[in-house]
Amino acid sequence: MSRVFNFSAGPAALPEPVLQRAQAEWMDFRGAGMSVMEMSHRGKTFMQVAEKAENDLRTLLAVPEDYAVLFLQGGATGQFAAVPLNLRNGSQGMDYIDTGAWSGKAIKEAQKYGPVNIVASSQSHGYASIPDPATWKLDPDAAYVHYTPNETIGGVEFHFVPDTGTVPLVADMSSTILSRPLEVSRYGVIYAGAQKNIGPAGLTLVIVRRDLLERKSPTVPAVFDYALQTKNDSMYNTPPTLAWYLSGLVFEWLLELGGLAAMGEINRRKAGKLYHFVDNSEFYRNPVEPSARSWMNVPFILADDALDGSFLKQAAEAGLSGLKGHRSVGGMRASLYNAVPEAAVDTLVEFMADFEQRHA
Ligand SMILES: Cc1ncc(COP(=O)(O)O)c(C=O)c1O
């Protein structure tokens, strides 16, 4: 068996110890005589899995007691609709910060439910920076302020938490959650699709401050109803049990590694190595303003895009997978999520240096 270094943006690499443990538990889950995905979600065995995953996540993120943690479905895209449906009941406007492809999709979805104010946008800068907070036109009466802390496609990241006063801050953390410590109490709602730093696709994590649970619109679908799902421990309907279990194994792996402070240091080093190499090369370029560069998704372009095809082909031959940039922007992108080891970055940098030497 040979596994590649996987730089995919999502679904993405999972930690090998997690895959090995799942494999060992696959046929007979902890003496139940069946696999974890074949048993009732309401039985004692799965309930223990579910509770442990939630408790471990709470420990990792130091989630305060006045926040509910939900394990839902529908992806982050489902949350683009769930957020307005849960947090707005009346005529209030919704503030959105536009920093690229994913915030754009969140905006488009929210517009179906009420007036959206785009309080700041980096569109005129090619989405290569974060708009200066001093210029944001926040509405003090808005239902909430939504932003995308890490734009997975553009490789642009907020390295600060926006101050929105008493207006709840909502964050799509799909591609940055668990990459380093986080101050949950700064947020009203945090949501994330699982398939990058949490676990496999099919699970959506939502962390919501409990005082926001009763704001919902009467038309919110039951499966997306934060209050209803909180009351039912995320089991109002059948949850994605396999993804929940696997995510729990990822949380255990993170705790064993030393938690998010330790993970954050590793991630800082990984990203630092790749940016340092790109910045010192005449052949590769990263288009993002240095203060807004993502730790998780590093886009880079080659001096001559006619070489893109051979770069990808040779990278694949060298065991480096998933480097093709998003179809909307082209070029390359290396996603450096938690499960991508530092050795993967070292190997990538070596490969890039060698390719440059042969083609520059
Ligand atoms: C920042 C961000 N938001 C939203 C999404 C959409 O997530 P999903 O496919 O889980 O709906 C993605 C997917 O890559 C993403 O990176």
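Lys44 is exposed, because its relative accessible area of 67% is over the 50% cut-off. The residue sits in helix H2 (residues 44-61) of this predicted model. Lys44 and Asn89 are 45 residues apart in sequence. In space they are 38 Å apart, C-alpha to C-alpha.

**Nonpolar cores**

In soluble globular proteins, nonpolar side chains tend to be buried together. Here the largest nonpolar core has 56 residues. Leu61, Ile177, Leu178, Ile198 and Ile207 have the most contacts inside it. Helix H6 (residues 241-257) gives the largest share of this core, nine residues. The core lies between domain 1 (16-256) and domain 2 (258-359), because both give residues to it.

A second, separate core has 34 residues. Ala271, Tyr275, Met296 and Val349 are among them.

**Helices H3 and H4**

Two packed helices are described by the angle between their axes and the distance between the axes. The axes of H3 and H4 come within 8 Å. They cross at roughly 50°, which means that H3 is oblique to H4. The crossing of H3 past H4 is right-handed. Residues from both helices make the contact.

| Helix | Range | Contact residues |
|---|---|---|
| H3 | residues 75-87 | Phe80, Ala81, Pro84 |
| H4 | residues 101-110 | Trp102, Lys105, Ala106, Glu109, Ala110 |

Conventions:
Residues numbered from 1 in each chain as written. Predicted model: local features only at pLDDT ≥ 70, side-chain atom pairs only at ≥ 80, totals over all residues. Heavy atoms only, no water. Core = buried A, V, L, I, M, F, W, Y, C linked by side-chain atoms within 4.5 Å. Buried < 20%, exposed > 50% of the residue type's maximum accessible area, 1.4 Å probe, protein only. Helix = DSSP H or I, 4+ residues; strand = E, 2+ residues; numbered from the N terminus. Domains from an automatic or database assignment. Axes fitted to C-alpha atoms, helices over the stretch in contact; angles between N-to-C directions. Parallel < 35°, antiparallel > 145°, perpendicular 65-115°, else oblique. Left-handed = near helix turned anticlockwise from the far one by under 90°. Contact = heavy atoms within 4.5 Å.
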